[in-house]
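Please have the sequence and the 3D view open as you go.

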Amino acid sequence: MVNSSKVYTVLLVEDDGPTRERLATAVNKHDQLQVPWQFATLKEGLNQLEKTPPDVVLTDLGLPDGHGIELIRRARQLSEAIEIMVISVFGDERNVVSAIEAGATGYLLKDGPADYIGESIIDMLKGSSPISASIARHILKSFRHDAPHLPEEKETKQPEKPPPADIPKLTKRETDVLEYITRGFTFNEVAGILNLSPHTVTSHIKHIYRKLEVKSRSEAVFEAVQLGLVDIRTDK
Ligand code: CA
């Protein structure tokens, strides 16, 4: 998916000056990435998006004139091909899930060193969904908290939650594949790890998408985490 002779453009939106500088410098350091556009406001980011769609959007969430989610949503409307990475101080479930629902393909916390950002963006272009480990763990925990099988929750029925019968049944193999996808491995890497042909992995992916009723990797990851279908502990 990544053309080794191409230089990919990155639209950077971050209101904190020093952070923006740090991110731009780190991204520009990578041979295959350049940041031709960097802005401090949502409005400027949206304007630029309409003018020249970038290959990658790298955005903060808390912006002085609005929420980064708006930029993510607009980018995803414009093109399915744009890769969208959130870089935020917010690691809570609501922000993360909203960003993924809006179309983000990666989500990193600002507490990490900026040096790896270029590599994370390239991984994303290759089909991974880089996500800070602490976020994945936090989300998984909060969904476990919501697990619908506690007796007292049955008495106070919450209609917006799907009944357990709605949780799709995946085979052991499909669960394995989904777990590696959720942890950010590309389809080819999953094939290597599980010792399967890429064709077989693709066919598992098709079944998984159909069972989860999703059309993309990020939707599959979202559903997998939300339904608690995978274990994404990083310490295994
Ligand atoms: Ca901010």
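How are the donor residues of the calcium ion spaced in sequence? They follow the pattern D-x44-D-x1-G. This is a predicted model, in which local features need pLDDT of at least 70 and side-chain atom pairs count only at pLDDT 80 or more, while totals for chains, interfaces and linings use all residues. Residues are numbered from 1 along each chain as its sequence is written, and side-chain values use heavy atoms, with hydrogens and water left out.

**Calcium site**
- Asp 15 (OD), Asp 60 (OD) and Gly 62 (O) coordinate the calcium ion at 2.1 to 2.4 Å (donors are N, O and S atoms within 2.8 Å of the metal, or 3.2 Å for Na, K and Ca; water is not among the atoms, so sites may look incomplete).
- Asp 60 is buried, at 4% relative accessible area, whereas Gly 62 is partly exposed, at 33% (buried is under 20%, exposed over 50%, partly exposed in between, with a 1.4 Å probe and protein chains only).

**Largest pocket**
- The largest pocket holds about 770 Å³ of space (a pocket is an open set of points on a 1 Å grid where a 1.4 Å probe fits, with protein on both sides within 12 Å along at least five of seven lines; lining residues have an atom within 4 Å of a point; the volume is the space filled by probe spheres set on the points).
- Among its 31 lining residues, Glu 80, Glu 83, Thr 105, Ser 216 and Arg 217 are the closest to the centre.
- Domain 1 (8-140) and domain 2 (172-226) both contribute to the lining, so the largest pocket lies between them (the bounds come from an automatic or database domain assignment).
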